[in-house]
Every structure is written in C-alpha cells, then in structure tokens.
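Here is a short tour of a protein chain and its RNA partner, written to be read with the structure open beside you. Please take a moment to turn the model around before reading on.

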Amino acid sequence: MTTPAAERTTSTPEGPRYRYTPALAQEIELRWQDRWEERGTFHAANPSGALTGPDGANASGSPYFIMDMFPYPSGAGLHVGHPLGFIATDVVGRFRRMCGDNVLHTMGFDAFGLPAEQYAVATGEHPRGVTERNMVTYRRQLRRAGLAHDQRRSFATIDPEYVRWTQWIFLQIFDSWYDADAEPAGTDPDRRRGRARRISELRDELAAGTRPVPGHDGDNTGGAVWAALSEGERRDVLDAQRLAYVDSSPVNWCPGLGTVLANEEVTSEGRSERGNFPVFTKNLRQWKMRITAYADRLTDDLELIDWPDKVKAMQRNWIGRSHGAHVRFDVVGTSDNDAAGAGEAIEVFTTRPDTLFGATFMVVAPEHPLLDEVPAAWPDGTKSVWTGGHESPAAAVAAYRREASGKSAVERQADAGKKTGVFTGHLAVNPVTGTHVPVFTADYVLMGYGTGAIMAVPGGDERDYDFARAYDLPVVHTVAPDGGLPDGFEGAYAGEGVAINSSNDALSLDGLGVDEAKARIIAWLSENGVGQGTTTYRLNDWLFSRQRYWGEPFPVVWDEDDRPVAIPDSMLPVDLPDVPDYAPRTFEPDDVHSEPEAPLGRNEDWVNVTLDLGDGPRRYRRDTNTMPNWAGSCWYYLRYLDPTDTEHAVDPALEKYWMGPRHNATSGPAGGVDLYVGGVEHAVLHLLYARFWHKVLFDLGYVSSSEPFGRLFNQGYIQAYAYTDSRGAYVPAEEVTEETAPDGQTTYFWQGQPVNREYGKIGKSLKNVVSPDDMYEAYGADTFRLYEMSMGPLDQSRPWNTRDVVGSQRFLQRLWRNVVSEETGEVTVTDDAPDAATLRVLHRTIADVRTEMEGMRPNTAIAKLITLNNHLTGLDGVPRAAVEPLVLMTAPVAPHIAEELWEKLGHTESLAHEPFPEADEAYLVAETVTCVVQVKGKVRAKMEVAPDISEEDLQAAALAEPNVVRFLDGAGVRKVIVRAPKLVNIVPA
RNA sequence: GCCCCCAUAGCCCAACUGGUAGAGGCAGCCGGCUUAAACCCGGCGAAGUACGGGUUCGAAUCCCGUUGGGGGCACCA
C-alpha cells in the first residue's frame, strides 16, 4: 500500500513548530488572499474612469491584457486539469506586473448553456439558481489557487447588464449589411475592400438609385425600381441584406436536443457535439449571421496575428476558400413534355473548369430547386439503371428526395463512397461540346457547398468516376500526364498533365497545362456569357437561433405582417420570461419529421405584447428563439475593460489603450488581447465567431483593433493514468501501487492483484479524479501551482502523478528554511556579502529565469530556481542579497509563500509590484570554460580555458593535449574546427 | 484514406536550434541525524536519444523510410 504523501506530512504533528507544513501553507495562503483582496493589489488601472489601480493609482507602465478562455461553471466542480491554463496565465501576469507592465487579468463566467438547463429540467429548479450555485463553488476554488485577478472586472454572461449589451451588439449586426465594394474601415491602405455599413445607408442608396435593388430586375437609376415597391416590399429587400437575417434553408435539426445547430456544432459523424444525437438536414426558417461575407478577411487576417499554425490551419480549412469557376449549363426542355421548350440553367461550381470537355453528366443535390419541377416522362435514351425502377422522373426524384432527407448525416457518412442517385429526366447542354448530358440527383453533392450542383467529370474525379461506373455513363479523359495515359487506362486521372480531347470549333485547350487551360477556359466562359471565374467557401452562414430556454432572448419582435422589428436600446435588456417548463420539446432522437418548438413560446403573456416603438402602441409577437451559447463568449473580453460602463458596450478609449493596434511593444498591426490561453478545442467555433463579431464592430467603428486576440496559446491537457483489473473494470487510481523489478519492468497492483495501466482523460468513471481542493488541503496552493508549472512545457499534455507533488513541496520547504528557522520562526539570513560563486549562480539564475519566463517556459524557470535554492542550502549562512532575489523570482509561481517571506525579510509592501530582479552582466561571465577537444568527432580531452581565449591559442592548446597527440597517433591533421571557447574538433589526415 | 505533431535514464522532463546527452523533480541505492522510523542533510548509480538508412569533421537536433502514440480533416466539386 502506498501511503499518500499528504497523510505522511499531516500526521507528523511532532515536527518543528515553524516548519512550512500544509497547515502553515494554508494559513499563509488564506491570509494573503484576504490581504490582496482588501488592498486591491491586483486592480488594473484604466487610463480613465472609475477603475483605478491599488489606492486609486493611475495607469502606468505598458498595458498588457491577458486572458483565459471563459470557463463554464459546471456542476461537477474543478479537477486538477482545469486550472493549468489559469495558473499559467497567472504566472505570466504576475511576472509581467513585476516587469512594470499594467496587467489586466480577470475571469468571468460563460453561464448560459445546456448543462444548467438540463439540470433545471431534471429538478424543476430555475437554471439561474443552479448556475449561480456552481459559480460560487468555482469562485471559491479559483480564489483558493491565489489567482491575481481583478475581481471588479468579473461578471457572468447571464447578468442582465451583460445580456443587455449582448443584445445591443446583436442589434448592431441586425442593423448592418455588407458592402463588398466599400473602402475598408481603419487606416491600413493595404486591407482588401468591403465592410459592414448601416442599413439606413443602403436604404438611402437604393432610394437615390445609386445601386440596383437586390432581387428586383430593372434599371434603378434615379430610384425608379425602389420607388415602385411598397413599403413592405422595401423592408423585405432590406431585411434580406442584413448581417443578421432570417431565412428558410436546410439546417441541422437535432430532435434529440429539440433544437437546430450550427454546422460547427455537428461532428463529422453527423451527430450533435453536445449529447451525441443524430442530426438531420431540414428546411427551416431560422436566424443566421452572414459570416460568409467575412470569409476572405477571416482567412487573410490570420497572417496578422500570432497564433499556433495548427489553429490557423484549422480555421483556413473550415473557411475552405477555393478558387474556380461558375459555369452555366442550359437545361433542355424535353419537347414532348415541355411545350415551350425553354429550360432553365443550372449553375455549377468547379475548381477544374479546364476539364469542362470531360463533363459527361451533371449532378444536383437532392435539395436543389431544379427538382421542384421535373419532366413527366423519361426522355429518349434513358437507361434502365438510371430510373431506379420508377415510372417517371417525378416518382423517381420524389422517392430519392424522401430517402435522402430521411437519412441522418450519420447514415450519409456511413454510405460515403457508395454512390446512389437517380436520373431526374432533365438534360442539359455542355456549353463547350454542345452535347446533351443527363442531370442526376445524388446525395454526394451537397446543397450547402458551391451551388449545390456539379458538372461531373468522371475522367478526372474519383467520385464522379465511381458514379459513372454505377450508372453506366461515358468517361472522357481531358488531362494526360507526360507520355500520355497508359493503354487501357481506366479510372479518374486527377494528376498533373496537359489537356487532351478539349477542342471545339472556337476553342482549344489541347496541349495546355492545367493552370493555363484554366485561365483560357475562364476567359472563354466570360466572353460567351456562360460563366466566370469565382471563389467559393466551405463556410456557411452561422445558424444563430436555438430553441432552448437558457440563453439570451432575441431583442426582436414581429409585427402584424410578420416582419422583424428591432427593440430600441432603451428597452434592453429583454429578459427571459418565466415559463411553466424549461425543457425544449425534444423528440425521439431519430424522429425526422419533428419540428422545433421553443420554450419561450409557452408564456403567451410574454410573447404577445403591445409596444410603442415610435408609431403608437401596436401588437407584436416576440421572437421566441434564444441565442446560442457562443454569443456571450463572442465579446466578453471587451467587457472586461469596464463591466460597469452603462454608456457603452466598451469605451473606445479603453479599447484603444488595452487592445488597439500596437498598443505595446509586442502587439501587432491588428491589435487585440496580448495573450489568450485556452484549449485547442475552440479552434474553430468560439475563435471564429468572436473574430467575426469583432470585425463587424471594427467596421462599424466601435473598436480600433481588427482582431480580438493578438496572440493565442493552446495549453496542453493534464491527463491521468487509469487502471483496470483483470475483468476490465476501473479501480481507484489512488490506491494503486507500483513495483519496479530489477530489470526495469514496472508492474501495478491494486489490493494485491496486478492491474493494467492506461493513459488518458481524467474522469469520474475512470476513477482517477483528483480535485484541487484535495491538493490545497494536502499541500497548499503554492505547492499545487508549482507542481503544475513544473510538470513540463505548457503546450504539451502530460500525466498527473500525485506521487510527484512532494518534490515541489520540498523545494518550498527548503526555500522557507533558507530564510526562517523552523525551530524559532526567526529570520536567519545574514547581511554578509555573498561570495563570488554565489553571485555567479545568482546572476546566472536571474538571467536564465527571465529568459524562460519570457518564453513561457515555467518548467525550466523553476528548475533554475531550484538550482539556486539548492546552492544556498549548502552555504553556512544564507545571504539576504542572494535570497531576496530568489524570493522575488519565485513569487509568480508560488506567490503566497513569497509574500510571506518577503514580509519576514522586513518589507512592508506586497512584492506584487516589486521589480523583477535583473542580472548583473559582470557575474555572467564564467572564470573558465570547459573546452572539449574532439578527434574525428569523439571527445578525447577536456581543457579549462579562459572564456575569451582566441581561436589560435585554443587550437594550439588542443593540439598539444597529450591525449589528442595519442589519438592522432602520428597522423597529420587535415582540418581543425574551432568553436571557441567550448569546442575544438580535429580531423586527422 | 489525406494532413499535422510527438518518441531522450524505471517515471515526468532539460539540452543555447548541428558542438561534452543532463538543468530540475519523482522513484531507487549508500551514508549522516535519530533509541528507532519518518522528516531533513550529504552523496551515488543509471539512458547513448523508438528502429533502419543518409548528409556532416560532428546528429537527440537536418533529410528519407519503418514502427508506436496523439490530434485535425474526411463525398467540399
């Protein structure tokens, strides 16, 4: 049996009275936490307004804004993995503060969301009560860790004052449209065109006739078209242009959750990220945000910010910009069934317009509007495999559409590769070959990407080839590699090469490389009015409404004509109504035919209101949707700058000071938060949405930074070992012992039986949860912090090992003993000058610790502190001049013990604002350096030499080394590589 | 299937970006303190860097391949 270290330590009440025990640590920590709070030690000073520094101090130093990703206060409380990032930012913040920066660091709560709502549903308690209770627990656990937060700036997304501004931002977005041709906002002349503008400006321009009316043909010069519209029609035109808009389109419907979801919330397996329920595609009228208008800027501006390449790549991928062409294929009205003979056109998107001559059929997504009308009978030449055995195209298409819509994304996923589809009866004309090609519908073409229709080139695309084989369709190769395709080549050739089989009377691509062929055909398409070069995105507009209770209500009402009207600022916030039941109407997870039903709709008195919105009291119906959980986290960083501000969401002067472009030495051209630390799991969702909102606010002139987060850092995860017995059941990890055999093999035991060790997540079911509370109790917060910071590099995941924590505790105990007598509690440091060796170790340590701290490598910084501390331990007396800098350098990681020692050393002020020690260059130069002498790369001698020895002297000394002479064995010297003063390498002839 | 990251003493991790494989911690062993043990103090051993090749005077570090682990994307036209 292992005895937990904690028990060993606490069960020795006999120890010296003033030893740094967990009990003493706890006493010190609680005391300093109270003092910090009373003194406002970590109050960050704004350059103006009520939020000043400690004792009313004005802002001084370089502004440094540091943040953790918003925690969600879950009911389970924290485990030891959660605070890792919080401690890391705290260490950085404390370090920067000691370097003289004006550090802004606080933490609020992302408090709307599903778990609280689900708990409320289960217990009947209002989610607010549940959430607030959880926040109390969270606050206590975080405070106990000694985090240097400015509590005045903390808030929760559910606070009515915060909701008010979240709704206000929504209304700014609602009140905007995207003018892709406008001069960019801001002052950077290189930025690409396009920005958000006010809807009223669009209205004015339409009325003045300076732009055409979207969706209405005709010449609007002088505003003629606009003038002919009714007021209702005008509002429809404007509403359709808004950045927050309602429309009906295929969305992700999750019956198991009873709500619709954004694409980003659906896993690649086609399930909900929360709850893992199946998700179906359904046409529903929902709120969306026009994030696609920002697709280019969201991609391009990644270059302006200091983020991990991995996250940038994930965002680029998600936005999925690709260049290609739109091509229009005329649909043939089959003369028998369509008297007019007039077809419509199908527009496709392709990245390979150069292969147009190989387009032998077309495929549209099952949801494509072309299928709303199909020919009554199969046209001539219809092959039997195309029809799926149906009598008519109408029957075939209807059946296929039904089948496809009933398929969950899961099933779609499972069927990927298998090609299913059916002929629609439509024929279209390939614009370069003039050939009639059949139009199929198949679910491998997605309505959400491009135009929802493709030209199929089986000769150049694997998927099209698979489909062509299944449906007996012709294959034409239009690209061949050097030396041509092999005889009898079958399949798709998607590689490099030159165009073949690509000529008609007016155009020839033959012999051109892919890039030239693309350019040529795009020019031809434009000239002939059948297409043009274009860019398309994988990103879709952000589905923004949810049919849940616990979220921000939409600040919108619907008038008698069912058009949306914004609630005026003066009536914000729109509070959540009381409802008889918080639960959304949920359904059998696979009930495709269910429809969303919002809980807010259950309070009729709330929904149906009479309001005076400027033209007298009228009846309105409130919007019963709530915003997604992401809304609150889209802009919280701005509110940290002053959550008490009742005039602005954020004061522009404060935003400029803390976040503006180049607001300090390390801030980039886009500005933003100086350091944002969080897990990589938000790489796409939160970080993309927040960037989007920020850019809208930037365009509208509310913020001066064009990006919210100038630097992003992903911390790794703390994982843990879990152990299973012979039956595969988990056993309590803390009760497992290990034995190492002489051969180095380690075996693990639980209650005498061998168990199997696995590595992974921390979780209740894995029986390996350790809570921070356990650590505070058994070791104290400083030891816990120190251990978490010394485990390894911050960006790497590593295993928790309670057994190892004692090492961190010993360091602090030794530090304590270097200052304080364990027997008497007296300070024992001497005022004697440190000896030369101590000074060298001290200044070397200072220099190294600074470097490591600046590089966010607390693990190596701590190692160096331990080295210095161990050196001091070996001295007869510990000089004050050596231990005081050590205490200061330890403070960012173990702040409570450092404050206590600092005070014992006679200082009356907190060390939080004390300057971080600076190394004296004079002590950084070693007296001698060990020089390694290699012969043919192998170490053959070592010499103690002066650090500034010349290359010539060093080489001469090396060649004279007896061992070198012996290994050269009379052979001549071919070459000598000298890297003074540390290395000489001699290459024998 | 495609892309990215990682692999160093029994364990967690360092190694100035090509220059003595070891900073620190855990565990282990020896000694001191102790009536004894724990704590504490002092000391010690241990890997040649997953594997195979290559470049170089010199490779943990760069290149190629293999194995193992982690992550992202996945009918995106």
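## Overall picture

A residue is called buried when its relative accessible area is under 20%, exposed when that area is over 50%, and partly exposed in between. With that in hand, 54% of the 989 residues of chain A count as buried. Please keep in mind that this is a predicted model.

Chain A contains 30 helices and 33 strands. Along the principal axes, its C-alpha atoms fill a box of roughly 110 × 90 × 65 Å. Among the contacts in chain A with a separation of 6 or more, 70% are made by residues 24 or more positions apart.

## Surface and charge

The accessible surface of chain A is about 42500 Å², and carbon and sulfur atoms contribute 48% of that area. On the charge side, chain A carries 96 positive and 143 negative side chains. The centres of these two sets lie 3 Å apart.

## Where the RNA sits

Thr 351 uses a backbone N or O atom, which lies 2.4 Å from a sugar or linking oxygen of RNA strand B.

## Backbone features to look at

As background, most residues other than glycine have a negative phi, and most peptide bonds are trans. Which peptide bond is cis here? The bond joining Leu 572 and Pro 573 is cis, with omega at about 0 degrees. Pro 573 is placed in the loop between strand E19 (564-566) and helix H17 (604-607).

Asp 472, which is not a glycine, has a phi of about 55 degrees, and its place is in the loop between helix H15 (462-470) and strand E14 (479-480). Asp 472 counts as partly exposed because its relative accessibility is 46%. For Asp 562, phi is near 65 degrees, and this residue is found in the loop between strand E18 (556-558) and E19. Its relative accessibility is 39%, so Asp 562 also counts as partly exposed.

Is Ala 941 buried or exposed? Its relative accessible area is 7%, so Ala 941 is buried. Ala 941 lies in strand E31 (residues 938-945). Leaving aside neighbours within four places in sequence, its contacts are Cys 931, Val 932, Val 933, Glu 961, Asn 963 and Val 964. Ala 941 and Val 984 are 43 residues apart in sequence, and their C-alpha atoms are 9.7 Å apart.

Ala 228, by contrast, is exposed because its relative accessible area is 67%. Ala 228 belongs to helix H8 (residues 224-228). Ala 228 and Ala 185 are 43 residues apart in sequence, with 33 Å between their C-alpha atoms.

Arg 97 is part of helix H3 (residues 83-98). With a relative accessibility of 5%, Arg 97 counts as buried. Beyond neighbours within four places in sequence, Arg 97 is in contact with Phe 42, Val 103, Ala 148, Ala 912 and His 913. Arg 97 and Pro 754 are 657 residues apart in sequence and 50 Å apart in space, C-alpha to C-alpha.

Glu 823 lies in the loop between helix H24 (805-819) and helix H25 (836-854). Its relative accessibility is 56%, so Glu 823 counts as exposed. Even so, Glu 823 has contacts beyond its neighbours within four places in sequence, namely Pro 16, Arg 17 and Tyr 18. Glu 823 and Tyr 689 are 134 residues apart in sequence, and their C-alpha atoms are 58 Å apart.

How values were computed. Residues are numbered from 1 along each chain as its sequence is written. Chains are lettered from A and ligands numbered from 1 in the order in which they are written. This is a predicted model: local features need pLDDT of at least 70, side-chain atom pairs count only at pLDDT 80 or more; totals for chains, interfaces and linings use all residues. Side-chain values use heavy atoms; hydrogens and water are left out. Helices (H or I, at least four residues) and strands (E, at least two) are DSSP runs, numbered from the N terminus. Buried means under 20% relative accessible area, exposed over 50%, partly exposed in between (1.4 Å probe, protein chains only). Contact means heavy atoms within 4.5 Å. Accessible areas come from the Shrake-Rupley method with a 1.4 Å probe; for residues, only the protein chains shown count as cover. Lys and Arg count as positive and Asp and Glu as negative; His and the chain ends are not counted. The place of a charge is taken as NZ of Lys, CZ of Arg, CG of Asp or CD of Glu. A polar contact is a pair of N or O atoms within 3.5 Å; within protein, one must be able to donate a hydrogen and the other to accept it, and residues adjacent in sequence count only if both atoms are side-chain atoms.
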